[in-house]
Amino acid sequence: NAAAGVDEKDCALIERRLCAIRPSLARVFCELDWFNPARDAATYRWDLPGYAHLLRLLRLLQKIGARVNVVLFAPMWNQTADAHRTSVKAFADLMARLRDAEGITAIRWLTVYNEPETVFPHDSPLMRRIFGDACVDGPMRWETLVELWRLAQARLEALGLYPHVKLAVPDCVYGSPVRYERMRLAAKAFADVDADFAVHVYSHEDTSTQPQDEAHQRDWGYPGMAREAADFRTLAGEARRMILWEYNLEGKGGRTSLFPGVGPQGTAVLETPDAGPEILEKTILAINHGYDGACLWCLTDLLYCGSPAAAMQYGLWRFKNACWYPRPHYFYYAPLCQLFRVGMALIPVAGAAPPLLAMAAQDNDATVVVVLNRGDARQTVRLAGLPAGPTRRLRVHPDAIPAEGGDLPLDAWETVAVDADDALGLDLLPREATFLSMQSEPV
């Protein structure tokens, strides 16, 4: 976005915040023209700005310990099957170049195309109702996409990248019924391939807001994150990793791929005090019911593909014309990333009933917990079975979000006392997320 005035000072701010958040997962788009403008999978250019920017980001993500999913983003539309095959070969060669010449080992997944449903549709009555016969009968089909994925798998194996780098499929997003169909097809197509599953979900968790007529429920009905995650886990099986690679909020109206839409009174949903708790709710439900990880879309507002007409407004903070000012959900999402790290094992949490949600994990001698009050009234809870030792608490709620000076995530940790029964009482304000970090005492 240099053409829009984004400079090194702006990049330093974004990098500073990224280092503070320290996400375990990151999903990065890549365009073929950044390193192979001839689009021939032979004439590679490692001196182009696009490649340099990609490398800079990957090095930073590797430094902070993230595991990265690199997505072949473009070209995808209006390509021949042979052109797609060439793109896949070039993309795999890029992965090898990044490993061998640049020392990038943080890449753990390769995604061939972002949300490819409309470019590579499968044939079903549902798809024909939603996208039309012209789309489904177009030049590219689901079978073509599976062929490309298998070509990518063969290239990963030939280059010695697999199993360190795996495919992420089917990367589906469209309404829940389409996601179910794509996941079933992927489970069948990759029954013999060690690929991981990728899903995107923007559907509203309050399913009562959906139209309840039979036609809408048939084509767009959403059972909620908990049910869908559990069903997809059954399809994926226990051994295969399944990651929610994109998710965010969806308003009641006005949503596009660039704008999340509005809620009551026409307020943009990501600008409301409820945005943080709702995103946290989606995350907790996803992880507790079947996903191995979750990666929010997206880090920052930007001009998508450099176009002034494509202002992406899903970021944790706003664009430069709004001083990169954080949105409310930034302060809820950041501590979640900071505490819940790759390799931690989930601990079941019993007894959390609406409006409360909870999630816990541990690694060696560290235990982390988040308790969320989604309601509009105070809640009092008692956490039992905690490890003995020092416990720190961070409280995030609408009144804690700074009106100014909100560059970095909240850091107002306080020490709290676990009682003699290894329990801790908590008073939660409306829309509060309490984060707990505990270190077990050595035996």
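A residue is called buried when its relative accessible area is under 20%, exposed when that area is over 50%, and partly exposed in between, as judged with a 1.4 Å probe on protein chains only. The buried residues of H11 include Pro-328, His-329, Tyr-330, Phe-331 and Tyr-332. Helices (H or I, at least four residues) and strands (E, at least two) are DSSP runs, numbered from the N terminus.

The model is a predicted one, in which local features need pLDDT of at least 70 and side-chain atom pairs count only at pLDDT 80 or more, while totals for chains, interfaces and linings use all residues. Residues are numbered from 1 along each chain as its sequence is written, and side-chain values use heavy atoms, with hydrogens and water left out.

A nonpolar core is a set of buried Ala, Val, Leu, Ile, Met, Phe, Trp, Tyr and Cys residues joined through side-chain atoms within 4.5 Å. The largest such core here has 109 residues, and those with the most contacts inside it are Tyr-291 and Phe-435. Helix H11, which covers residues 328–339, gives the most to this core, with eight residues. A second, separate core has 14 residues, among them Ala-358, Val-369, Val-381 and Leu-424.

Leaving out residues up to four places away in sequence, Tyr-291 touches, among others, Val-199, Val-201, Met-225, Glu-228, Ala-229 and Phe-232.

Which residues of H1 and H11 make the contact between these two helices? Arg-17, Ala-20 and Ile-21 of H1 meet Tyr-330, Ala-334, Cys-337 and Gln-338 of H11. The axes of helix H1 (residues 8–21) and H11 come within 8 Å and cross at roughly 55°, where axes are lines fitted to C-alpha atoms, for helices over the stretch in contact, and angles run from 0 to 180 degrees between N-to-C directions. Angles under 35 degrees count as roughly parallel, over 145 as roughly antiparallel, 65 to 115 as roughly perpendicular and the rest as oblique, and H1 is therefore oblique to H11. By class, this contact of H1 with H11 has five nonpolar, one polar and one charged residues, where Ala, Val, Leu, Ile, Met, Phe, Trp, Tyr, Cys and Pro count as nonpolar, Asp, Glu, Lys and Arg as charged, and the others, Gly among them, as polar.

Another helix pair is formed by H7 (residues 176–189) and H9 (residues 225–236), which pack at an angle of about 15° with their axes 10 Å apart, so that H7 and H9 are roughly parallel to each other. On the H7 side, the residues that meet H9 are Ser-176, Arg-179, Tyr-180, Met-183, Arg-184 and Ala-187, and they face Arg-227, Glu-228, Asp-231, Phe-232 and Leu-235 in H9. The residues of this contact of H7 with H9 divide into five nonpolar, one polar and five charged.

Two strand residues can be followed next. Val-396, in strand E14 (residues 391–396), is buried, with a relative accessible area of 0%. Val-396 touches residues that include Phe-331, Tyr-332 and Pro-335, as well as Phe-435, not counting residues up to four places away in sequence. Val-396 and His-329 are 67 residues apart in sequence, yet 10.0 Å apart in space, C-alpha to C-alpha. Thr-367, which lies in strand E12 (residues 366–373), counts as buried at 7% relative accessibility. Among the residues that Thr-367 touches, again leaving out those up to four places away in sequence, are Ile-347, Pro-387 and Leu-436.

Some details of the backbone remain. The peptide bond from Ala-74 to Pro-75 is cis, with omega near 5°, and Pro-75 lies in the loop between strand E2 (67–74) and helix H3 (81–100). A cis peptide bond also joins Trp-297 and Cys-298, with omega about 0°, and Cys-298 is found in the loop between strand E7 (293–294) and strand E8 (302–303).

Is Ala-41 buried or exposed? Ala-41 is buried, with a relative accessible area of 8%, and its phi is near 55°, a positive value in a residue other than glycine. Gln-265 also has a positive phi, near 60°, but at 78% relative accessibility Gln-265 counts as exposed. Gln-265 lies in the loop between strand E6 (242–247) and helix H10 (275–288).

Conventions
Contact = heavy atoms within 4.5 Å.
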